[in-house]
Amino acid sequence: MKSGFRKSLLIVVLLWQVLLLAGCDQDFGKQPETQVVEQVSEPFRNQDSRGRYDTIGKLGTQSISIPAGVIDGWARYMGDPGDFADPKIKAKYQRPPKTYDLPIESFGFQYRISDGDVYTSFRQTEKDYRRDNETLIPYGKPFPWASVSVYGEYDAAAPLNFNFTVQNEFKLAKEITYFDYIQQPQPLYGLTVYRANNGINPETGEPWKSDANAKDILLKKDQAGNIKTYIKCEFTQYKNFCSHMFYNDDWHIQVWISYNRTYLPQWQEMEGNIIKILDSWRVSREGKLLGKQIGKA
């Protein structure tokens, strides 16, 4: 009796396994796209003298090849999960293969104001940057390096100007801190200047000495009257920095620069040099360099 039962049970188990295998085969037939991995050939990538590969992609309207060791952190591509995204989303995300057409959302680097060079690891500029950190910052001396962040603009409907941003800044100042920004009669370094409450602290009746909410705002408009450069400079007790933003129509990008207010007179030179740096990284869609890369190790 037991022998017959065991034979019957064995037959049932075998039949069940056959059905499972048949089901698996059926799933393979229904979803072949999930089983076939498409092989995408890697594009040519430039290297530095140490064999490190460039970071590639398309920034705004231009294909670029950023020298290894230049980027402060990493490049973020369009569609990449944010820093604070759900870890489960990050784990499942698969970025498209890197090509010279893959849109770059943003990246950052360090720019030396004194000569227009950039920080690159394993170049002399790395030693220079460390030396300046050790010998200038602790003693309150102006730091000749600017932190630069570049953002690709891909929304064709979005205006490449700060018109709304500035209007909103003035509106919030009036609603939250209860003072107006007043345009000053004289420009400064070619910039139109606005000062909080006309530069006077309403509590003391004296010029502002230290207030994080009373930044000077400096603007530059194009011939059509659109604000293309927007600079906010603070003068608090411990900080004397400018946050400088500008648009470039040819590249279709927005650039943010942060630097010591001492270097404000060089704002136009900085804008020009940063575009010159980006121009030096331009490549063809096949990765051929169109010029000598600034910052190459």
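**View 1. Aromatic pairs, starting with F107 and W281.** A search across the whole structure turns up twelve aromatic pairs, where rings of Phe, Tyr and Trp (its six-membered ring) pair if their centres lie within 6.5 Å, and planes under 30 degrees apart count as stacked, over 60 as edge-to-face and the rest as tilted. F107 and W281 form one that is tilted, at 6.3 Å centre to centre with 50° between the planes. F107 belongs to strand 4 (residues 104–112) and W281 to the segment after helix 5 (267–280), so this pair ties together parts that are 174 residues apart in sequence. Helices (H or I, at least four residues) and strands (E, at least two) are DSSP runs, numbered from the N terminus. F107 is buried, with a relative accessible area of 4%, and W281 is buried too, with 0%. Here buried means under 20% relative accessible area, exposed over 50% and partly exposed in between (1.4 Å probe, protein chains only).

A quick word on what you are looking at: this is a predicted model, in which local features need pLDDT of at least 70 and side-chain atom pairs count only at pLDDT 80 or more, while totals for chains, interfaces and linings use all residues. Residues are numbered from 1 along each chain as its sequence is written, and side-chain values use heavy atoms, with hydrogens and water left out.

**View 2. Y129 and F143 meet edge-to-face.** Now look at Y129 and F143, whose rings form an edge-to-face pair, 5.6 Å centre to centre with 70° between the planes. Y129 lies in helix 3 (residues 124–135) and F143 in the loop between helix 3 and strand 5 (145–152), so the pair ties together parts that are 14 residues apart in sequence. F143 counts as buried at 12% relative accessibility. Both rings belong to one aromatic cluster, made up of Y119, Y129, F143 and W145.

View 3. Which residues of helix 3 are buried? They are T125, E126, D128, Y129 and D132. The face turned away from the buried side carries the exposed residues K127, R130 and E134.

View 4. F122 lies in the loop between strand 4 and helix 3, and at 52% relative accessibility F122 counts as exposed. The charged end of R50 sits over the F122 ring, 3.7 Å from its centre; the criterion is NZ of Lys or CZ of Arg within 6 Å of the ring centre and within 35 degrees of the ring normal. Although F122 is not a glycine, its phi is positive, at about 65°. Most residues other than glycine have a negative phi.

**View 5. T229 and its neighbours.** T229 is found in strand 11 (residues 227–233) and counts as buried at 3% relative accessibility. Its side chain makes a polar contact with the side chain of E271 (2.8 Å). Such a contact is a pair of N or O atoms within 3.5 Å; within protein, one must be able to donate a hydrogen and the other to accept it, and residues adjacent in sequence count only if both atoms are side-chain atoms. Leaving aside residues up to four places away in sequence, T229 touches several others, including F162, H244, F246 and W267.

Technical notes. Contact means heavy atoms within 4.5 Å.
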